[in-house]
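Here is a short report for a reader meeting this protein for the first time. Please look at the sequence and the 3D structure below before reading on.

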Amino acid sequence: MGSASIGYQSGISARFDRNLNLRSDATLSSLPCKVDFSRKSFFSAATSTHNKECSNRARVCSLPNTDEKLETPILDSIETPSQLKNLTVKELKHLADEIRTELLSVLWKTRKSVKPSLAAIELTLALHYVFRAPVDKILWDAVEQTYAHKVLTRRWSSIPSRQNNGVSGVTSRLESEYDSFGTGHGCNSISAGLGLAVARDIKGKRDRVVAVIDSVTITAGQAYEAMSNAGYLDSNMIVILNDNRHSLHPNMADGSKASISALSSFMSKIQSSQIFRKFRELAKAMTKKIGKGMYEWAAKVDEYARGMVGPTGSTLFEELGLYYIGPVDGHNIEDLVCVLREVASLDSMGPVLVHVITEEKRDAETASIIVKDRRTYSDCFVEALVMEAEKDRDIVVVHAGIEMDPSLVTFQERFPERFFNVGLAEQHAVTFSAGLSSGGLKPFCIIPSAFLQRAYDQVVHDVDRQRKAVRFVITSAGLVGSDGPVQCGAFDIAFMSCLPNMIAMAPANEDELVNMVATAANVTDRPVCFRFPRGAIVNKNYLVPTGVPVEIGRGRVLLEGQKVALLGYGAMVQNCINAHSLLSKLGLNVTVADARFCKPLDIKLVRDLCQNHKFLITVEEGCVGGFGSHVAQFIALDGQLDGKIKWRPIVLPDGYIEEASPNEQLALAGLTGHHIAATALSLLGRTREALLLMS
């Protein structure tokens with residue numbers, strides 16, 4: 001707390017104590033960047049109507065016919081990003097169009113939204129035009145904005161095969177030297193960039209560090225912690241705020257926004273110019289000699305004037321210790337290169353934030369890329385929750401994560417006053433939910449598994465330790481296909497079920513999911529969590545019924561058999577049923593049970609399975625230390641392992657599973673029905689049949 005306060009205060013004063021050491025950089029191209037300081041130029045800029053239509057700024061090509069060879073002559077000639085410096089402005093614009101066409105033709109196959117990457121094309125070109133990657137470090141905060149970067153670094157041909165050991169969906173240092181740091185869930189670029197900048201200074205190097213963050217990920221608290229520390233340390237680094245005008249809150253999106261005009265473009269060039277910076281440093285030096293009072297007064301005037309010129313909120317970055325420049329048109333390559341080249345010439349300016357405005361094109365071509373061909377678990381969950389909310393006015397929803405599942409719009413539109421989307425503020429979402437619970441409401445806190453990791457301290461101290469009745473809905477649980485290890489929900493079973501007061505459960509199918517929504521709504525004396533996967537439901541024609549609460553800590557036997565018992569948790573129950581079908585064809589009838597609860601564990605069910613079978617196999621789509629560990633703890637203490645039962649766990653492997661199709665990932669993890677059946681056969685000594693089954 002103390003260090004943060006010191007960093008904040010010191011960051012402010014540091015802005016007026018920097019010494020500029022300007023030099024020309026021979027490695028930068030000589031793209032014209034002239035600023036006319038005449039009175040005539042200023043007023044003509046102020047009266048000019050420079051605002052462009054969105055369609056001109058973020059041009060989006062129609063989806064091409066993938067059977068035809070796309071003509072991309074300039075792109076085909078680029079072997080390394082350094083070759084961009086040899087292109088004219090006109091050629092850079094043509095290259096932007098070629099990349100846009102190429103991205104649309106390729107990324108639609110991955111069924112991912114391409115709007116963020118399309119909006120960042122000109123910015124990406126300008127960054128690689130001005131800076132000398134990989135010597136200069138460019139860090140990306142949002143995965144969705146990195147595809148143009150991957151195109152320029154010669155990885156675009158592998159993007160269609162990213163589900164078959166192709167190019168990663170994120171930046172990865174293992175994949176390319178142009179990826180200075182791996183992207184995660186967002187908000188890490190400034191922290192990592194500051195670390196690289198400080199390491200550079202300690203080692204006496206002179207490379208530049210650029211951290212790109214967007215208007216969604218900058219809402220996370222870590223970004224502001226990093227900026228405050230950057231202002232305090234005063235290391236030379238550049239932060240690019242890619243403001244794509246995207247907001248999770250419609251009322252904010254309709255409010256005032258930073259606009260681009262000839263005046264704002266003119267002022268951005270002035271702010272980044274060497275003449276202005278020299279004049280500013282001279283004025284600071286003179287007022288400092290006059291006296292402390294005059295120096296502090298001049299600093300306040302400087303801050304006020306820059307606040308008047310900049311958009312609403314720009315002074316916040318100045319208060320954190322970052323020199324603010326902007327806004328800059330993110331689709332005007334000339335302006336981008338001009339400003340970035342001037343900023344790159346700084347040697348001892350400290351941290352600088354360049355505010356870039358981009359537009360995400362919304363049209364039929366980009367919208368049609370994402371297609372839902374089957375109903376998902378999330379669809380069923382929302383329908384069930386709406387039913388519960390119709391009956392209980394105390395039910396509210398808090399959502400956190402990098403993007404909201406489209407199915408949640410149903411609840412948001414039906415109960416707008418009872419729906420809260422906080423974006424990448426997972427820590428806030430958890431404690432906010434605890435407060436709602438303390439106020440007598442019934443919060444359902446919806447967070448993807450991988451994002452819940454960032455709020456674990458709040459889960460422990462603000463919810464579980466205080467026995468707050470918060471209902472955690474853990475989405476994207478388990479393997480997530482093309483999103484690979486970044487959004488894989490591998491750890492939530494382990495870190496949620498170990499909490500003393502937490503009820504942890506998981507549905508085996510859509511019926512169980514609906515019932516668990518009703519169960520969670522009825523729990524009022526402690527926290528509860530349930531997880532479900534990202535994929536499609538078992539029955540595609542499923543109609544959501546009214547939920548029936550499940551008895552806490554009670555599992556069920558689905559199929560009776562002998563010798564081998566398969567005890568599944570969550571979605572893996574379906575794979576246990578598949579294994580039962582495979583084994584039946586080989587003349588082996590096994591028992592299949594649905595645990596339902598990891599905590600409290602149904603000890604009667606587990607004890608019965610141990611006493612009536614020779615082998616117990618637990619199956620879960622989670623890491624070591626989860627459901628299987630709870631079962632092992634009980635049967636060890638209960639003395640079951642001292643008898644005839646032999647136990648084998650099937651869990652996710654101790655490693656990160658890269659991008660692949662969901663079925664391929666399950667096979668790599670050893671969690672398919674074939675793997676489960678082969679495990680049972682091996683335990684029974686039928687090794688040859690197990691090998692034949694896997695082949």
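Helix α9 covers residues 189-203 and helix α10 residues 221-233. The two pack at an angle of about 25 degrees, and their axes are 8 Å apart. Axes here are lines fitted to C-alpha atoms, for helices over the stretch in contact, and angles run from 0 to 180 degrees between N-to-C directions.

The crossing of α9 and α10 is left-handed. That term applies if the near helix is turned anticlockwise from the far one by less than a right angle; clockwise would be right-handed. On the α9 side, the contact (heavy atoms within 4.5 Å) is made by Ile190, Ser191, Leu194 and Val198. On the α10 side, Gln222, Ala223, Ala226, Met227, Asn229, Ala230 and Leu233 take part. By class, the contact of α9 with α10 has eight nonpolar, three polar and no charged residues. Ala, Val, Leu, Ile, Met, Phe, Trp, Tyr, Cys and Pro count as nonpolar, Asp, Glu, Lys and Arg as charged, and the others, Gly among them, as polar.

A word on the source. This is a predicted model, in which local features need pLDDT of at least 70 and side-chain atom pairs count only at pLDDT 80 or more, while totals for chains, interfaces and linings use all residues. Residues are numbered from 1 along each chain as its sequence is written, and side-chain values use heavy atoms, with hydrogens and water left out.

Now the whole protein. It has 30 helices and 17 strands. These are DSSP runs, numbered from the N terminus: helices are H or I with at least four residues, strands E with at least two. Of the 695 residues, 57% are buried. Buried means under 20% relative accessible area, exposed over 50%, partly exposed in between (1.4 Å probe, protein chains only). Among contacts between residues at least 6 apart in sequence, 80% join residues at least 24 apart.

Thr124 sits in helix α7. Its relative accessible area is 0%, so Thr124 is buried. Leaving aside residues up to four places away in sequence, Thr124 touches Trp140, Gln145, Ala148, His149 and Leu152.

Next, the backbone. Most residues other than glycine have a negative phi, and most peptide bonds are trans. The table lists some exceptions.

| Site | Backbone value | Loop |
|---|---|---|
| Ala133 to Pro134 | cis, omega about 5 degrees | Pro134: between α7 (121-130) and β1 (137-140) |
| Lys599 to Pro600 | cis, omega near -5 degrees | Pro600: between β15 (597-599) and α26 (603-612) |
| Lys563 | phi about 70 degrees | between β12 (556-559) and β13 (564-568) |

Arg596 counts as buried, at 14%.

Last, the cysteines. The count comes to zero disulfides, a disulfide being a pair of cysteine sulfur atoms within 2.5 Å. Cys529 is in no disulfide; the nearest cysteine sulfur, that of Cys598, is 8.5 Å away. Cys529 is buried, with a relative accessible area of 3%. Cys187 is also buried, with a relative accessible area of 3%.
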